Amino acid sequence: MSGKVKGRSAANADSMAGRVSCDERILRDIHQLYTEADSGLIPVAESVGVKLLPPRKKITVMLMGNHSAGKSSFINWYVEEHIQRTGVAIETQGFSFVTSGRKRESLTGNATLHLYPHFKPLQEFKGVSEYLSTEICTSRQKRFSLVTFVDSPGLVDGDMKYPFDVDEVILWLGELCDLILVFFDPMGQALCKRTLNIVESLNEKHGDRLHFYLSKADEAGGESDRQRVMMQIVQELCKRPGLNKCGFDMPTIYIPNPNKPSRCVNQIEEVCRAIEKTINQTVQNTLNSLEKDCELICEAITDKLISDRQNSLQNRRARCQSCFLSLLGFCIPLALLALLLLGTLSKELLDMALGQQGRETLSLYLTPVVKIYDSLSGEQQLYSCGGLVLLSFLLLIVARFALRTRPTLSGKQKRQLQEKLEYIQEVVKTKKKNLYEEYLRQSVSDHDMDL
Ligand SMILES: Nc1nc2c(ncn2[C@@H]2O[C@H](COP(=O)(O)OP(=O)(O)OP(=O)(O)O)[C@@H](O)[C@H]2O)c(=O)[nH]1
Ligand SMILES: [Mg+2]
């Protein structure tokens, strides 16, 4: 059976497309706010020492499950194009990324890693690089423009040899995916141990991302057969500690085939709803991260400006201290020199220069110094002069050390920081507010928005 399903109502597609474009635009606008060359949040944050990651524009949904459970068929149904090979044989052997783009294109391993740099660590898993591929298609059905599917190889027990450690790769991918759809089909290897083991490990860390489905439900026979298969799978899952949570849900799904109508209840729209919910959550998270990142950058800029102000203050204080010490250092030898000069001058010369009153005042002040100096022996006089010269040297050295200043921002740099702060507070925050309103307006009435 081909996964290509035609006949989805065009009206439905259109109405969904309207919705898609709004969320898509919000995510794209936010991405642009982060990555713009000069004024983007990432370069602005980097200039103040904050490292930010750009938000994603799409969610990643991984499909996993037993071989032939209908994973690839589901992707084909979702995108309404025959992108992935499907069939009874083991079809998907590697990991295939299916995403929307401008042109139908298939990419190989290296190009895939180039397109998804955050998946680069996959190279560390031996042998996996050659089994990576990307299918880009132009479909914009349902919410595909906001989704990247990761189709995984079908899991089987026993002698099947995988060219890489499939369990580890799925576990690793599970860390990066927003949603993990686990398909159990009613035939064959529904209870494949490998699938159950991986599911159990994934559930330990990311239980909320896991969603279980009974796929190909139209092939499960009558209602009672289906119930029994379902019971068996649920029982097997619940044997695993950690998986026996209450409220366990496993919708029955199948790809609708107009040529083979089935009376079985098809809950395939539940999968679409799970994808929809994850997209909404991602849009909200991205908007919230934008707000947090803005706060982070504003804080970093304010801190930088405050510490610059403190540094300037500290530098001014250091300059004053150094000035005072240098002055003192120069004054001591100058005073000594002046004293020596005054001693050599005659009384008449001093009278002429300072007047009698000036000379008397000067001698009043200098007499104690001269008396002390005279009371010293010749050797002591020499030592005390040497000591004073040494002291002046010391003062000059200390003054030099006191002059050590911290780097400060130039006027231009301060202006630029201030401009960045204003840009984030006025432009980015307003944009964020508008985007949030735009997002909410999709579901909440205008009347509630005004509240
Ligand atoms: N009746 C029925 N057949 C389905 C359904 N989904 C898929 N199939 C058929 O099941 C077979 C396997 O489907 P795939 O989509 O290739 O399964 P897969 O899980 O991708 O398989 P691997 O890639 O080998 O792991 C194909 O022949 C499909 O046509 C379904 O919902 N109902
Ligand atoms: Mg497949």
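Lys-142 lies over the face of Trp-77, at 4.2 Å from the ring centre, and also over the face of Tyr-78, at 5.2 Å from the ring centre; a charge sits over a ring if NZ of Lys or CZ of Arg is within 6 Å of the ring centre and within 35 degrees of the ring normal. The model is predicted, with local features needing pLDDT of at least 70 and side-chain atom pairs pLDDT 80 or more, while totals for chains, interfaces and linings use all residues. Residues are numbered from 1 along each chain, chains are lettered from A and ligands numbered from 1 in the order written, and side-chain values use heavy atoms, without hydrogens and water.

**Aromatic pairs**
- The whole structure holds 16 aromatic pairs, where rings of Phe, Tyr and Trp (its six-membered ring) pair if their centres lie within 6.5 Å, with planes under 30 degrees apart stacked, over 60 edge-to-face and the rest tilted.
- Phe-74 and Phe-183 form an edge-to-face pair, 5.7 Å centre to centre with 80° between the planes.
- Because Phe-74 lies in helix H3 (residues 71-79) and Phe-183 in strand E6 (residues 179-184), this pair ties together parts 109 residues apart in sequence; helices (H or I, at least four residues) and strands (E, at least two) are DSSP runs, numbered from the N terminus.
- Both Phe-74 and Phe-183 are buried, that is, under 20% relative accessible area, with exposed over 50% and partly exposed in between (1.4 Å probe, protein chains only).

**Cluster**
- Phe-74, Trp-77, Tyr-78, Phe-144, Phe-149, Phe-183 and Tyr-213 form one aromatic cluster.
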